[in-house]
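Here is a short briefing on one chain. Look over the sequence and the fold, then work through the points below.

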Amino acid sequence: MTESANGAGGDAPGDDDPDATTIIDGESVAADVRADVAAHVETLADAGVTPGLATVLMSDDPASETYVSMKQRDCEEVGIESVHVEIDADAPADELYETIDDLNDRDDVHGILVQLPVPDHVDKRSVLRRIAPEKDVDGFHPENVGRLVAGDARFKPCTPHGVQKLLAAYDVETEGADAVVVGRSDIVGKPMANLLIQKSPVGNATTTVCHSRTEDLEGKLAAADIVIAAAGMSEFVDGSMLKPGATVIDVGINRVEAETEKGYELVGDVDYESATEVAGAITPVPGGVGPMTRAMLLHNTVKAAGIQSDVAIDLD
Ligand code: NAD
């Protein structure tokens, strides 16, 4: 494969052969983010502040339980205190609202994350609005969404922010590039597109957002220098749809049946094998965007602690 049309592959970490497709190593970039976070935790400790993240789980879904326990483990590794609250999935919505109110008032809690999805009888929008914007480390409160769109982000949502860090780490040129984001969700697609169009580093891309009603997705993908696949459909983007040399970021995490111990395996939205033949750079699943999402939550929590305790923390 030739070097990426939009600049990936030059002196990217771990890329010795300039003709090879660059495999974007999310584990390695996430480790760098965590090391940076740990250094900021030290700065906060010098000022007598221990950053704290509260996770709230109102669900019996085993996947949600796993996500929450991974987040707690991540916190421990970098010196962030974690507080965990579990609420019965059948409990009235008020119980969740009151929990959020209590956490908003606690000085030792700098970030609050309510694990989504919440049960059907709980209004997700009300939950997201209830979290104090300065503790909203997911970046989903309308105030934080507005600030992101206005180019004055406080907390960038973790997954798109993680993608931005990957693009930066691998010197992918976004300025003037044609980027296609497949998916328009509030947590991935929309904020991703908003970051890519900003007049700022790892922005300035000409960005097209595709979704379930998009016509001629193939034509749009074929012209894209950068593809961000976030539709939640297993392996639907294959190599034949890509522009040679494109950078391909696979956000999707899909469970498909497989003869493994668990009876399934995780695959992305991109058919990795065929895409790797055509792309200039590509993220694997697992090991691409996933570790970045986790790392950026720690980043946002430390940033939140700095803001709330008036300690200068230099994080974007
Ligand atoms: P979502 O279901 O909320 O959104 C999917 C989007 O895909 C929708 O906007 C929809 O319009 C679009 N879409 C559906 N069918 C389409 C089609 N045929 N063509 C084009 N677009 C189509 O999902 P989400 O929460 O944004 O997550 C997307 C994927 O990313 C999922 O697989 C999810 O598991 C994964 N995810 C991964 C991470 C991570 O850290 N790697 C984080 C969040 C989500």
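Which residue in β4 is the bridge partner of V56? The partner is V114. The model is a predicted one. Its chain is divided into two parts, domain 1 (47-135) and domain 2 (157-290). Their C-alpha centres lie 28 Å apart.

- Strand β2 covers residues 52-57 and is mostly covered, with six of its six residues buried.
- In a regular strand, side chains alternate between the two faces of the sheet.
- On one side of β2 sit G52, A54 and V56, and on the other L53, T55 and L57; all are buried, so both faces are covered.
- β2 pairs with strand β3 (residues 81-86) in the parallel sense, over six bridges.
- Within β3, V85 is the bridge partner of V56.
- From β2 the chain passes through α2 to β3, and this β-α-β crossover is right-handed.
- β2 also pairs with strand β4 (residues 111-114), again in the parallel sense, over four bridges.
- V56 therefore has a bridge partner in each of two strands, V85 in β3 and V114 in β4.

- Strand β8 spans residues 247-250.
- T247 and I249 point one way from β8, V248 and D250 point the other way, and all are buried.
- Strand β7 (residues 226-229) runs parallel to β8, and four bridges join them.
- I226 stands opposite T247 of β8.
- β8 and β11 pair in the parallel sense over two bridges.
- A281 in β11 is the bridge partner of T247.

**Surface patch**

- Y67, I253 and L266 make a nonpolar surface patch of about 270 Å².
- Y67 belongs to helix α2, residues 62-78.
- α2 is also the helix through which the chain crosses from β2 to β3.
- Is Y67 buried or partly exposed? Y67 counts as partly exposed because its relative accessible area is 38%, and the partly exposed class lies between under 20% (buried) and over 50% (exposed).

**Cis peptide bonds**

- The bond from L116 to P117 is cis, with omega near 0°.
- P117 is placed in the loop between β4 and α4 (124-130).
- β4 is the strand that holds V114, the bridge partner of V56.
- The bond from V285 to P286 is cis as well, with omega near 0°.
- P286 is found in the loop between β11 (281-282) and α10 (289-309).
- β11 is the strand that pairs with β8.

- V202 is not a glycine, yet its phi is positive, near 55°.
- V202 has its place in the loop between α7 (189-197) and β6 (206-210).
- Why is V202 classed as partly exposed? V202 falls in that class because its relative accessibility is 21%, while buried means under 20%.
- D216 is not a glycine either, and has a positive phi of about 55°.
- D216 is found in the loop between β6 and α8 (217-222).

Key:
Residues numbered from 1 in each chain as written. Predicted model: local features only at pLDDT ≥ 70, side-chain atom pairs only at ≥ 80, totals over all residues. Heavy atoms only, no water. Domains from an automatic or database assignment. Patch = residues over 30% accessible without salt bridge, like charges linked within 9 Å, V, L, I, M, F, W, Y side chains within 5 Å. Areas by Shrake-Rupley, 256 points an atom, 1.4 Å probe, with all protein chains shown as cover. Salt bridge = Lys/Arg side-chain N within 4 Å of Asp/Glu carboxyl O. Buried < 20%, exposed > 50% of the residue type's maximum accessible area, 1.4 Å probe, protein only. Right-handed = clockwise from strand over helix to strand, strands pointing away.
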